[in-house]
Amino acid sequence: FTLQMVYGLSCIITFPIYVNVACSIIFRIDKLKGWFMEHPRAYWHCTLLRLVTILMLFAISISGIRILDLLNFSGALCNAYLAIIMPIMLYMTYFKDKIKKWQRTLFWIFIAVGCCLTLLSVVVSLKDMAVQHHPKHHT
C-alpha cells in the first residue's frame, strides 16, 4: 500500500511534465507541424491535444489495470528496445570500422533472440492481465 501511495503521489506531482513532454514530441513531428505550429488555430489544437492526453491517462488510471500489471507490460515492451537494440546499434554505429563481419552477425543474432524473448515476455504479461489473479505478495 505504501509503495502504491508513493508512486501515485509522484505521478500526481510530475503529471504536468508527462503531459508536456508527450505533447512536445507530437508537436515536433514534421507532418503534424502545420497542424500544431503554423495553423491559425494552432493554440486550440495544442490545447485539445493536451486535453486528449490527460483524458487518455485518466482512462488508463481508472480502467482497473493494477499498477503492477501496467509496469510489467511497459517493462516488457521497453526491454528489447532500451536494453538490447539501442546499445548494440550504438556500438555497431560507433565502431563500424573496427567490427568484423562475424561480430556484426553475432550482434544481429543477439538482437533477434532478445526480441523473441521480449515478445514472450509481452505475451506472458498480457496473459497475467487477462487472468487478473495474482498471488497475495504480487498486489
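Modeller: Helices (H or I, at least four residues) and strands (E, at least two) are DSSP runs, numbered from the N terminus. This is a predicted model, where local features need pLDDT of at least 70, side-chain atom pairs count only at pLDDT 80 or more, and totals for chains, interfaces and linings use all residues. Residues are numbered from 1 along each chain as its sequence is written, and side-chain values use heavy atoms, with hydrogens and water left out.

Biologist: How many helices and strands does the protein chain have?

Modeller: Five helices and zero strands. From the N terminus the order is α-α-α-α-α.

Biologist: What span should helix 5 have?

Modeller: The expected span is 1.5 Å times one less than the number of residues. Helix 5 (residues 101-131) has 31 residues, so it should span 45 Å. Its end C-alpha atoms are 45 Å apart, which agrees.

Biologist: Which residues of helix 5 are buried?

Modeller: Buried means under 20% relative accessible area, exposed over 50%, partly exposed in between (1.4 Å probe, protein chains only). An α-helix has 3.6 residues a turn, so residues three or four places apart point the same way. In helix 5 the buried residues are I111, G114, T118, V122, S125 and M129. Across the 139 residues of the protein chain, 18% count as buried.

Biologist: Which residues make up the largest nonpolar core?

Modeller: In soluble globular proteins, nonpolar side chains tend to be buried together. A nonpolar core is a set of buried Ala, Val, Leu, Ile, Met, Phe, Trp, Tyr and Cys residues joined through side-chain atoms within 4.5 Å. Here the largest has six residues: V19, C23, F27, F36, C46 and L49. The largest share, three residues, comes from helix 1. A second, separate core of five residues includes I84, I88, I99 and I111.

Biologist: How many aromatic pairs are there?

Modeller: Rings of Phe, Tyr and Trp (its six-membered ring) pair if their centres lie within 6.5 Å; planes under 30 degrees apart count as stacked, over 60 as edge-to-face and the rest as tilted. A search of the whole structure finds four pairs. In one, F27 and F36 have ring centres 5.2 Å apart and planes at 50 degrees, so the pair is tilted. Both F27 and F36 are buried. In another, Y91 and F107 have ring centres 5.6 Å apart and planes at 75 degrees, so this pair is edge-to-face. It links distant parts of the chain: Y91 in helix 4 (residues 67-94) and F107 in helix 5, 16 residues apart.

Biologist: Is F107 buried or partly exposed?

Modeller: F107 is partly exposed, at 22% relative accessibility. Y91 is also partly exposed, at 39%.
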